[in-house]
Amino acid sequence: MGMTKTFNCPLVAIICDILGEKTTSILGAFLVTGGYLISSWATSIPFLCVTMGLLPGLGSAFLYQVAAVVTTKYFKKRLALSTAIARSGMGLTFLLAPFTKFLIDLYDWTGALILFGAIALNLVPSSMLLRPIHIKSENNSGIKDKGSSLSAHGPEARATETHCHETEESTIKDSTTQKAGLPSKNLIVSQNQSEEFYNGPNRNRLLLKSDEESDKVISWSCKQLFDISLFRNPFFYIFTWSFLLSQLAYFIPTFHLVARAKTLGIDIMDASYLVSVAGILETVSQIISGWVADQNWIKKYHYHKSYLILCGITNLLAPLATTFPLLMTYTICFAIFAGGYLALILPVLVDLCRNSTVNRFLGLASFFAGMAVLSGPPIAGWLYDYTQTYNGSFYFSGICYLLSSVSFFFVPLAERWKNSLT
C-alpha cells in the first residue's frame, strides 16, 4: 500500500490536473472503499496484495495529493496552521491498532474490513465539499494594489493563469503587461470561466468536442507526464533531498522504539505508553509549529531546518536512554521536533516551488521520498541483525536527519542564482 501510494504520486498529479480535485478525490475514496470491501472476500495472500495493497494504496495517493493541493489553494496567510490541523490526525494513528483488534474480536476480520470500507465511504461526501476557487476582478488597478497582478492571490491565481494559457483563447492575454504593472482590458476571470478551468469534467467536455481538440488534450497530458522542467529547478533538488532523507529517518525510531524498550527489560505495557505519548505530542506540536510559522518572524524553511537538526541530535543521543524515564524523555523530545517539521513540509514546498505547480512538484518529490520510506526500516533491520543492537538504527536515523537539513543551507545561493536569471 505504501509503495503504491508514493510511487503513483506523479501520475496522480496529472490526473488531478485533468479531472479536477473534486473528481479525483471522489475516485480515490471509491478505490479505498472498494479495496476494503473486495478484501473481505480474499482467499489468498496474492489476492490481498492486490485488493489491500494496490487499490487502497492508489486511492490514498489520490486523496493525499488532492488534500495537499486544495489546502494550498484555500489558504495563503494561514497555510502552515491549516496544514498542521489537516494532518494532525496522523499523530493519532496509534489508536487504530486497538480499534482494529476490537473490530476483529467482535466481527471477525471480514466484518472488520467491511466496516473499514464503510468508514472510508464517508470520504465521498467530504470530497464533494471541495469547491473550486473562483477569481473575479472588475478592475486591474484593484489587483495591482493588492500585490503584483494575480500573483498576490497565491497558488490558486498561478493555477488559473496556467490553465488560461493552456486553452487557445484566454481572458488573460498578456502576462507581460501584468508583471509590468500596465493596465489590461482583459483581466476579468468570470465565475463561469473559472468553473470551466477548475471543474475537471466540465473542462473535459468542452475540450473533447472535436477530434482535433481531443488530440490536443492527449498531447498536453503526455507533455505533463514527461515534463522534466522541474529537474532544471534548483529548489526542487533542495526540497527533494531534504524530504527523501527525512522520510528515510522518520519511520526508524517509530518501528524500533518499542522493540528497543523490550531489549532493555521494560514491560511491554509501559513500552506501549511511549507510542501513545509520541502520537499525542506530535499532534500538538504540529499545530503549535504551524501557528508559529504563520507569524512570519523568519522564513519557514529556517524553522524546518532547525527541527530537522534537533531531530538528528535527539536520535544520536537516543542510545544513552537506557531506562524508562530516559526513554520517555527521548520520546517527548523527538515527537515535539518531528511534529514541528512535519507540519511545515507543505508550506516550505509552496515557498520553494515558485512558478512550478504544486501538483507536479509534490508528485515528483513524493515519488523519490517513497523510495526512502520503503528502504528505511529494512536498512535499520539489517543494522540490528549485523550489530545485534538497536543503537545503530538510531545513529543511522540521526545522521539522515542531519544530512536532510544540509540542502536548506543552499537556499540563499539558489535564490541569488534565480534572481540573476531574471
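Ring pairs join Phe-236, Tyr-237, Phe-239, Phe-243 and Phe-361 into a cluster. Rings of Phe, Tyr and Trp (its six-membered ring) are paired if their centres lie within 6.5 Å; planes under 30 degrees apart count as stacked, over 60 as edge-to-face, and the rest as tilted. The model is predicted: local features require pLDDT of at least 70, side-chain atom pairs count only at pLDDT 80 or more, and totals for chains, interfaces and linings use all residues. Residues are numbered from 1 along each chain as its sequence is written, and side-chain values use heavy atoms, with hydrogens and water left out.

Across the whole structure, the search returns 17 aromatic pairs. One of them, Phe-334 with Tyr-401, is edge-to-face, at 6.1 Å centre to centre and 65 degrees between the planes. This pair links distant parts of the chain. Phe-334 lies in helix H17 (residues 324–342) and Tyr-401 in helix H20 (residues 391–406), 67 residues apart. Helices (H or I, at least four residues) are DSSP runs, numbered from the N terminus. Phe-334 is buried, with a relative accessible area of 8%. For Tyr-401, also buried, the value is 0%. Buried means under 20% relative accessible area, exposed over 50%, and partly exposed in between (1.4 Å probe, protein chains only). Tyr-384 and Tyr-390 form a stacked pair, because their ring centres are 4.2 Å apart and their planes are at 20 degrees. Tyr-384 is partly exposed at 23%, whereas Tyr-390 is buried at 13%.

The largest nonpolar core holds 57 residues. Those with the most contacts inside it are Phe-239, Tyr-341, Tyr-401 and Phe-408. Helix H14 (residues 234–263) supplies the largest share of this core, 11 residues. A nonpolar core is a set of buried Ala, Val, Leu, Ile, Met, Phe, Trp, Tyr and Cys residues joined through side-chain atoms within 4.5 Å. A second, separate core has 8 residues, among them Val-32, Leu-63, Leu-113 and Phe-116. Residues up to four places away in sequence aside, Tyr-401 touches Ser-246, Ala-249, Tyr-250, Leu-308, Cys-311, Gly-312, Asn-315, Phe-334 and Tyr-341. Contact here means heavy atoms within 4.5 Å.

H14 contains 30 residues and spans 44 Å from its first C-alpha to its last, close to the 44 Å expected at 1.5 Å a residue. The expected span is 1.5 Å times one less than the number of residues. A kink of about 40 degrees is centred on Leu-257; the bend at a residue is the angle between axes fitted to the seven residues ending there and the seven starting there. At the start of H14, a side-chain oxygen of Asn-233 comes within 3.0 Å of the backbone nitrogen of Phe-235. Gly-265 follows the helix, with a positive phi near 85 degrees.

His-304 is located in helix H16 (residues 300–317). Its relative accessibility is 3%, so His-304 counts as buried. Beyond its neighbours within four places in sequence, His-304 contacts Ser-242, Tyr-341, Leu-344, Ile-345, Val-348 and Phe-408. His-304 and Ser-405 are 101 residues apart in sequence, yet 8.1 Å apart in space, C-alpha to C-alpha.

Most residues other than glycine have a negative phi. Asp-108, not a glycine, has a positive phi of about 70 degrees. Asp-108 sits in helix H6 (residues 96–121) and is partly exposed at 42%. Gln-388, also not a glycine, has a positive phi of about 60 degrees. Gln-388 occupies the loop between helix H19 (358–387) and H20 and is exposed at 55%.

Note on methods
Helices (H or I, at least four residues) and strands (E, at least two) are DSSP runs, numbered from the N terminus. A polar contact is a pair of N or O atoms within 3.5 Å; within protein, one must be able to donate a hydrogen and the other to accept it, and residues adjacent in sequence count only if both atoms are side-chain atoms.
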